[in-house]
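Below is a short report on one protein chain.

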Amino acid sequence: MAEGTTYADDVVALGDKIAALTIVKAVELKEYLKEKYKIEPAAGGVVMAAGPAGGAATAEKPAEKTEFTPVLESFDPAKKINVIKVVREITQLGLKEAKDLVDAAPKPVLENVSKEDAENAAAKLREAGATVEVK
């Protein structure tokens with residue numbers, strides 16, 4: 001915005017009020033706009049508006065993680081073929097791609113999957129002789 005730009009007093013007042021919102025109030029405003037006017041603000045706007053609030057974020061419970069990534073950390077060299085077979089089964093990769101993934105460990109096997117899918121994949125890989133961490 002150009003220097004010397006002037007804004008209407010009501011726009012300045014509203015902008016200052018939005019910037020001063022706590023995270024709780026910003027979420028409440030989002031819900032109100034969505035319910036009353038069918039307006040869904042961009043997610044980034046809430047985060048940016050919450051920035052100056054300071055310590056308000058520490059009072060809130062962090063969002064529960066919903067996406068997980070099982071990462072192949074290492075494997076027993078004697079069981080490499082079994083690990084490759086399981087990687088192929090889990091990912092639907094071809095033989096060469098699965099071998100390359102195993103050889104490149106530590107490497108994510110799946111990305112952003114449900115907790116259940118990540119745990120199932122990790123269990124299969126551990127059974128085949130791999131060391132897996134779910135992140």
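Buried means under 20% relative accessible area, exposed means over 50%, and partly exposed lies in between (1.4 Å probe, protein chains only). By that scale Lys 79 is partly exposed, at a relative accessible area of 38%.

This is a predicted model: local features need pLDDT of at least 70, side-chain atom pairs count only at pLDDT 80 or more, and totals for chains, interfaces and linings use all residues. Residues are numbered from 1 along each chain as its sequence is written, and side-chain values use heavy atoms, with hydrogens and water left out.

**Overall layout**

The chain has 6 helices and 3 strands. Helices (H or I, at least four residues) and strands (E, at least two) are DSSP runs, numbered from the N terminus. Along the sequence the pattern reads α-α-α-β-α-α-β-α-β. Of the 135 residues, 22% are buried. Contact means heavy atoms within 4.5 Å. Among contacts with a separation of 6 or more, 67% join residues 24 or more positions apart. The accessible surface is about 9,700 Å², and carbon and sulfur atoms hold 56% of that surface. Such areas come from the Shrake-Rupley method with a 1.4 Å probe; for residues, only the protein chains shown count as cover.

**Helix α4 and its partners**

Helix α4 spans residues 80-91, and helix α6 spans residues 115-128. Their axes come within 8 Å and cross at roughly 160°. That makes α4 roughly antiparallel to α6. Angles under 35 degrees count as roughly parallel, over 145 as roughly antiparallel, 65 to 115 as roughly perpendicular and the rest as oblique. Axes are lines fitted to C-alpha atoms, for helices over the stretch in contact, with angles from 0 to 180 degrees between N-to-C directions. The crossing of α4 past α6 is right-handed. From α4, the contact uses Asn 82, Val 83, Val 86, Val 87, Glu 89 and Ile 90; α6 supplies Ala 121, Lys 124, Leu 125 and Ala 128. These residues split into 7 nonpolar, 1 polar and 2 charged. Ala, Val, Leu, Ile, Met, Phe, Trp, Tyr, Cys and Pro count as nonpolar, Asp, Glu, Lys and Arg as charged, and the others, Gly among them, as polar.

Helix α5 covers residues 95-103. The axes of α4 and α5 come within 9 Å and cross at roughly 120°. That makes α4 oblique to α5. On the α4 side, Lys 80, Val 83, Ile 84, Val 87 and Arg 88 take part; they meet Leu 95, Ala 98, Lys 99, Leu 101, Val 102 and Asp 103 of α5.

**Loop residues**

Lys 79 sits in the loop between β1 and α4. Beyond its neighbours within four places in sequence, Lys 79 contacts Ala 128 and Gly 129.

Thr 69 is in the loop between α3 (43-50) and β1 (70-75). Its contacts outside four places in sequence include Pro 108, Asn 112 and Glu 133.

| Residue | Relative accessible area | Class |
|---|---|---|
| Thr 69 | 14% | buried |
| Lys 38 | 71% | exposed |
| Asn 112 | 48% | partly exposed |

**Backbone points**

Lys 38, in the loop between α2 (23-37) and α3, has a positive phi of about 60° although it is not a glycine. Asn 112 lies between β2 and α6, with phi near 55°. The peptide bond from Ala 105 to Pro 106 is cis, with omega near 5°.

Note on methods. A crossing is left-handed if the near helix is turned anticlockwise from the far one by less than a right angle, and right-handed if clockwise.
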